[in-house]
Amino acid sequence: YLSLFSGQQPVANHLKELFPSTTAYFTNFSVSDPLKFESELADLESKSDFSAQRSDILSKIRKETGISLQKEFPRLLGNEFAVVTTHYHEKIGIVQLKDGSKLLGLLTNTCKMSSDNTGQFTYDNVPQILLGEAFSQFKKPYFKVLDNYLILTNSTSEIVSYTDTYVNRKFLVKTNGYNDFNNLLAESSNVSFFIQFKNAAQLFKQDMKLSFYESFDQANPGWKNFYGASRQLS
C-alpha cells in the first residue's frame, strides 16, 4: 500500500492543523495526483485478496443506486487524508475534498442520512475501497461533511465529539509544545507518522504487553520525557 505513494510528489502537510487536541497518534497521507493514486489503488486492490469483495460491493452500489463511486470519488478527492487515534481510543478518518457539497450529494444517495446531515454507510468497506487498507478499520462508518472535509468515525458519539472540536477549534496545533515539535519537521511529505507520548500513554497501558509498558513508564530518562516522535516518508 505504501508503495502507491512513491510515485507521488511530496505535498505540504496542512491537514494536521485539524487534528483534535486529544490526538495520541496519526498517520497522514498526501498525494500530488489524486486521480493517479485512485487508479493505482484500484489496480492494487484488483490483484489482492480483497478483489472479489471490492467488485461485489461496487457492483451492488451501481445496481441499486446508479452511482459509480470508483469514477465519481477520485474527482472529488483532495491531496491529503489521515487516520487519527485519540487518547480516548477514538478512531477518526479525515479526508480533504475538492468540493464537500458535491460529495455530500453523492453520499446522500448511497447512505442512510439523519436530519443533522450525519450519515452512515449502508455498504461494507467503502472507505477501504476508496482510500486503501489504512481505512479498513472503518467497515460501515458514520460520517459528516464539514466544509471540504469528510469525517469518518465508528460511532455517532465520535462524530459529535469531532464536530465540537472542529467548530470550537480545539486542535492539536493549539496545544503547548506542538508547534515547537512541528517546527523540526519537513513541511512536505507523502506519508507522515506521529505519536504524542503523553496522550498515548493510556493507550500503551491498555494495549502493550506489561513488560513493554513498564519499560516505557519507569525508564527515566526515557521516551515519556519526549514530547513526541515522527517519521516522514517522501
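Reader: In this predicted model, what makes F197 and F216 count as buried or exposed?

Author: Both F197 and F216 are buried; the term applies to residues under 20% relative accessible area.

Reader: Why is the pair of F197 and F216 called tilted?

Author: The ring centres lie 6.2 Å apart, with the planes at 40°. A pair requires centres within 6.5 Å, and planes under 30 degrees apart would be stacked, those over 60 edge-to-face, so the remaining range is tilted. The pair of F197 and F216 is therefore tilted. With F197 in helix α8 (residues 197-207) and F216 in helix α9 (residues 210-218), the pair ties together parts 19 residues apart in sequence.

Reader: How do you know whether T86 is buried or exposed?

Author: Its relative accessible area is 0%, and the limit for a buried residue is under 20%; T86 is therefore buried. T86 belongs to strand β3 (residues 77-86) and touches, among others, P20, T22, I92 and L203, residues up to four places away in sequence being left out.

Reader: By this rule, how many aromatic pairs are there, and what is the geometry of F37 and F81?

Author: The count comes to 23 aromatic pairs. F37 and F81 form a tilted one, at 5.4 Å centre to centre and 45° between the planes.

Reader: What makes the charged end of R169 sit over the ring of Y166?

Author: The charged end of R169 is 5.0 Å from the ring centre of Y166; the distance criterion is within 6 Å, joined with an angle within 35 degrees of the ring normal.

Notes. Residues are numbered from 1 along each chain as its sequence is written. This is a predicted model: local features need pLDDT of at least 70, side-chain atom pairs count only at pLDDT 80 or more; totals for chains, interfaces and linings use all residues. Side-chain values use heavy atoms; hydrogens and water are left out. Helices (H or I, at least four residues) and strands (E, at least two) are DSSP runs, numbered from the N terminus. Buried means under 20% relative accessible area, exposed over 50%, partly exposed in between (1.4 Å probe, protein chains only). Contact means heavy atoms within 4.5 Å. Rings of Phe, Tyr and Trp (its six-membered ring) pair if their centres lie within 6.5 Å; planes under 30 degrees apart count as stacked, over 60 as edge-to-face and the rest as tilted.
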